[in-house]
Amino acid sequence: MMLALSGQAWGEACVVTAAGNQVDVKVCQQNRTIPPNLFRSGFCQPQLQGQKVDVTFAEQCPMGAFGECRNAKVVGTPYQQDIHYYGIATDARYLKPACEQQYKGVWMTR
């Protein structure tokens, strides 16, 4: 019974790494309210043209993020997720406004 419950939305994350065009990106999406099948098949399958993308799934996002957009609302849906950002901390100057304005989330630094 416990194994059946472990796939529920609040216990799932995906780590997305992308490389190409002199840009390396690493983010982790921690699911809050997205149905598990939709989270895996849609939300964790980014299409980044010209970049090599790798997606891995985990129970939760790894440590080491410089910032997090908590309770980020997925645009056009009733769903929420936490987005963890890794890499260059100065990118927060772009990510914080996007978090607060576009995703209606709460920006948190680590």
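1. A disulfide is taken here as a pair of cysteine sulfur atoms within 2.5 Å. By that criterion the structure holds three disulfides. With bonded cysteines counted along the chain, their pattern is 1-3, 2-4, 5-6.

2. On provenance: this is a predicted model, in which local features need pLDDT of at least 70 and side-chain atom pairs count only at pLDDT 80 or more, while totals for chains, interfaces and linings use all residues. Residues are numbered from 1 along each chain as its sequence is written, and side-chain values use heavy atoms, with hydrogens and water left out.

3. Cys 14 and Cys 44 are bonded, with their sulfur atoms 2.0 Å apart. The torsion about this S-S bond is about -80 degrees, so the disulfide is left-handed. The pair links distant parts of the chain, 30 residues apart: Cys 14 is in strand 1 (residues 13-20), and Cys 44 is in the loop between helix 2 (36-43) and strand 3 (52-58). Helices (H or I, at least four residues) and strands (E, at least two) are DSSP runs, numbered from the N terminus. Cys 14 counts as buried at 0% relative accessibility, and Cys 44 is buried with a relative accessible area of 0%. Buried means under 20% relative accessible area, exposed over 50%, and partly exposed in between (1.4 Å probe, protein chains only).

4. For Cys 28 and Cys 61, the sulfur atoms are 2.1 Å apart. The S-S torsion of Cys 28 and Cys 61 is about -90 degrees, so this disulfide is left-handed. Cys 28 lies in strand 2 (residues 23-31) and Cys 61 in the loop between strand 3 and strand 4 (67-73), so the bond ties together parts 33 residues apart in sequence. Both Cys 28 and Cys 61 are buried.

5. Cys 69 is joined to Cys 99, S to S 2.1 Å. Here the torsion is about 90 degrees, so the disulfide is right-handed. Cys 69 is in strand 4 and Cys 99 in helix 3 (residues 92-102), so the pair ties together parts that are 30 residues apart in sequence.

6. Which residues does the side chain of Asp 82 reach by polar contact? One is Arg 32, side chain to side chain at 2.7 Å; another is Asn 71, through its backbone nitrogen at 2.7 Å. A polar contact is a pair of N or O atoms within 3.5 Å; within protein, one must be able to donate a hydrogen and the other to accept it, and residues adjacent in sequence count only if both atoms are side-chain atoms. Asp 82 is in strand 5 (residues 80-86) and counts as buried at 6% relative accessibility. Leaving out residues up to four places away in sequence, Asp 82 touches residues including Cys 28 and Cys 69, where contact means heavy atoms within 4.5 Å.

7. The largest pocket holds about 360 Å³ of space. On a 1 Å grid over the protein atoms alone, a pocket is an open set of points where a 1.4 Å probe fits, with protein on both sides within 12 Å along at least five of seven lines; lining residues have an atom within 4 Å of a point. Grid points are joined across faces, edges and corners, and a volume is the space filled by probe spheres set on the points. The largest pocket is lined by 18 residues, of which Val 27, Gln 29, Gln 81, Ile 83 and Tyr 103 lie nearest its centre.

8. The second largest pocket has a volume of about 170 Å³. Strand 2 gives the largest share of its lining, five residues.
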